[in-house]
Amino acid sequence: LDFDQADQGRTVTRRPWSDAEAAVAEPWRESLLEHLAEADEPFLDLYLGGEYSLDDVRAALRRATLSRAVTPVLCGSALRNSGVQPVLDAVCDLLPSPLDVPAPVGRDSEGNEVPVPPDAAAPAVVLIFKVLMENGRKLAFARVYAGSLHEGDALTNTAARTEDRISRIYRMHADRREQLESASTGEIVTLVGLRGAHTGETYCHKSRLLALEAIDSYAPVITLALEPRNADEGKVLDEALERYAAEDPTLEVRMDEETACRMVSGMGELHLDVLLERMSREYGISPRAGHPQVILRETVRKEADGQGEFDRELGKEHHFGHVELHVRPLPRGTGNSVLVGDFLPADEAEARKLLPKPLLDAALEGVRDALQSGALTGYPVEDVEVTLTAVERREGQTTVPGCHMAAGMALREALAAASPVALEPLMKVEISVPDEFLGAAISLFGTAGGRVEDLEDRSGLKHVRGLAPLRKLFGFSTSLRSATQGRAGLVLTFDRFDLP
């Protein structure tokens, strides 16, 4: 296939192989057919009999792809628009349509699973998979899983329980768009007017409120302080950060009141580097950036008790609260648990006489709020169990704010006594490197605090997998390229917060 560069690859010419090309390609094509026969039994009989057509090959390739026995790989260059048409043809020929796979499952308001078959006559169910801000307007990229959409239709956001109205429907074509009056099941379109849309949310017709499986997002693990060079740049910087945070659910932005810096948190060095590059290209600004700081979490290593008493005036009112509690560590990745001990009677009516529900709720809320700031690092606390063991009630003195404040004081005392420890973000690291550079790559990985967990040979490259603390991986990609003459590949993925 020859792609004409004069019209950016739109004209494709098919020609027969030359003798030299055929001599190279024929053995490889035969090898491909042999592997396909191993993956698809109906084709195996045809292959061994030596009588099969190109249609038989395509049918076998589709069956093997749908069963995930093989993964077709196509060649091309996006830069030169070469190979685009074969990729799109392969999508049509080899990948399943919604009718070929089980219907996706949504959950109703009661948590029941409800299949969502691709039925254009059913009430609309739409998944927002990307949000983009353009000239102050929010563009919501969506896939229509069921039903049909029309300009002016009202849809309900099942996450926020709010209603938005579609003002425009577009089909996107790279740098241009085509306005549509409607969109039906199976289409991927861009919707304007969904002001409350966020990535991963589901919009439905009000008669059928379902939530499709949300897109996974991860908590940020690295923070960068940005400071504008002047007041005018500060306004542009805030506008840019607001837009990027709306588009990217893994990006968090907050203002540090003490330093007046914008604290931007993301998934890694590259994530924040791309952000700075976009600011320079799209907004023409280059704010001063501090050194990246790793986001931590905190937990405890032993059990401890704590008590807090709040007894003072706030404004013109006197508030009192006294709370006692017990903390203990939980297994890593369990999350936090806040419980009420057995200091209250099992009978709910008797319990409310001794301690009204608003006071108990205030104490529990005080504990949950205090877990957002640990005693050692000030970062959120993870994997601890907190049990309220006493909440004192003084008639006419104990108040809701008093219980809330006392609970926070008690938790801070207990955390400080329970041997708090900082948890660092650990990254899954995968390095692919030629054999002659394997030793240098492993040595460099060990210097960065990495632990090798797996080593395998695949496609002529050595693949090293392991874990390493993020704080020691700053600049690792640059060092790895230098040590391997640019021939190593690197993939970093957040794994968990844990002890380094």
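I431 touches A441, F445, K462, H463, V464, F476, L480, G489 and L490, when residues up to four places away in sequence are not counted. In this predicted model, I431 is also, together with M279, one of the residues with the most contacts inside the largest nonpolar core, which has 36 residues.

**Nonpolar cores**

- The largest nonpolar core, in which M279 and I431 have the most contacts, counts 36 residues, and at least two residues of this core are supplied by each of β16 (222-227), α5 (231-247), α6 (269-283), β26 (420-433), α10 (438-447), β28, α11 (476-483) and β29 (489-498).
- Strand β26 gives the largest share of this core, namely 5 residues.
- As general background, nonpolar side chains in soluble globular proteins tend to be buried together.

- Strand β27 (residues 451-458) pairs with strand β28 (residues 461-469) in the antiparallel sense, and the pairing runs over 7 bridges.
- Within this pairing, E456 has H463 of β28 as its bridge partner, and H463 is also among the residues that I431 touches.
- The hairpin has 2 residues between the strands, and S459 takes a positive phi there, near 55 degrees.

**Salt bridges**

- The structure holds 33 salt bridges, and in general side chains of opposite charge can pair when their charged atoms come close.
- R465 and E430 meet through their side chains in a salt bridge, with an N to O distance of 3.9 Å; because R465 lies in strand β28 and E430 in strand β26, the pair ties together parts that are 35 residues apart in sequence.
- R465 counts as partly exposed because its relative accessibility is 24%, and E430 is likewise partly exposed, since its relative accessible area is 26%.
- R465 also forms a salt bridge with D454, in which the closest N and O atoms are 2.8 Å apart; since D454 lies in strand β27 and R465 in strand β28, this pair ties together parts that are 11 residues apart in sequence.
- D454 has a relative accessible area of 33%, so D454 is partly exposed.
- The side chains of D495 and R496 meet in a further salt bridge, at 2.5 Å from N to O, and both residues are partly exposed, D495 at 26% relative accessibility and R496 with a relative accessible area of 30%.
- Through salt bridges that share partners, R332, D383, K428, D495, R496 and D498 are joined into one network.

- With neighbours within four places in sequence left aside, V116 is in contact with A103, P104, G106, V125, Y145, A146, R208, L210 and L212.
- V116 and G186 are separated by 70 residues in sequence, and their C-alpha atoms are 12 Å apart in space.

- Most residues other than glycine have a negative phi, which gives the background for the next two points.
- N81, which is not a glycine, has a positive phi near 60 degrees; N81 is found in the loop between α3 (54-66) and α4, and with a relative accessible area of 29% it is partly exposed.
- S419, also not a glycine, has a positive phi of about 55 degrees; S419 has its place in the loop between α9 (400-417) and β26, and at 26% relative accessibility S419 counts as partly exposed.

**A nonpolar surface patch**

- L74, V87, V91 and L95 make a nonpolar surface patch of about 300 Å².
- V91, one of the residues of this patch, lies in helix α4 (residues 84-94) and counts as partly exposed, because its relative accessibility is 40%.

Key: Residues numbered from 1 in each chain as written. Predicted model: local features only at pLDDT ≥ 70, side-chain atom pairs only at ≥ 80, totals over all residues. Heavy atoms only, no water. Patch = residues over 30% accessible without salt bridge, like charges linked within 9 Å, V, L, I, M, F, W, Y side chains within 5 Å. Areas by Shrake-Rupley, 256 points an atom, 1.4 Å probe, with all protein chains shown as cover. Salt bridge = Lys/Arg side-chain N within 4 Å of Asp/Glu carboxyl O. Helix = DSSP H or I, 4+ residues; strand = E, 2+ residues; numbered from the N terminus. Buried < 20%, exposed > 50% of the residue type's maximum accessible area, 1.4 Å probe, protein only. Pairing = 2+ DSSP bridges. Core = buried A, V, L, I, M, F, W, Y, C linked by side-chain atoms within 4.5 Å. Contact = heavy atoms within 4.5 Å.
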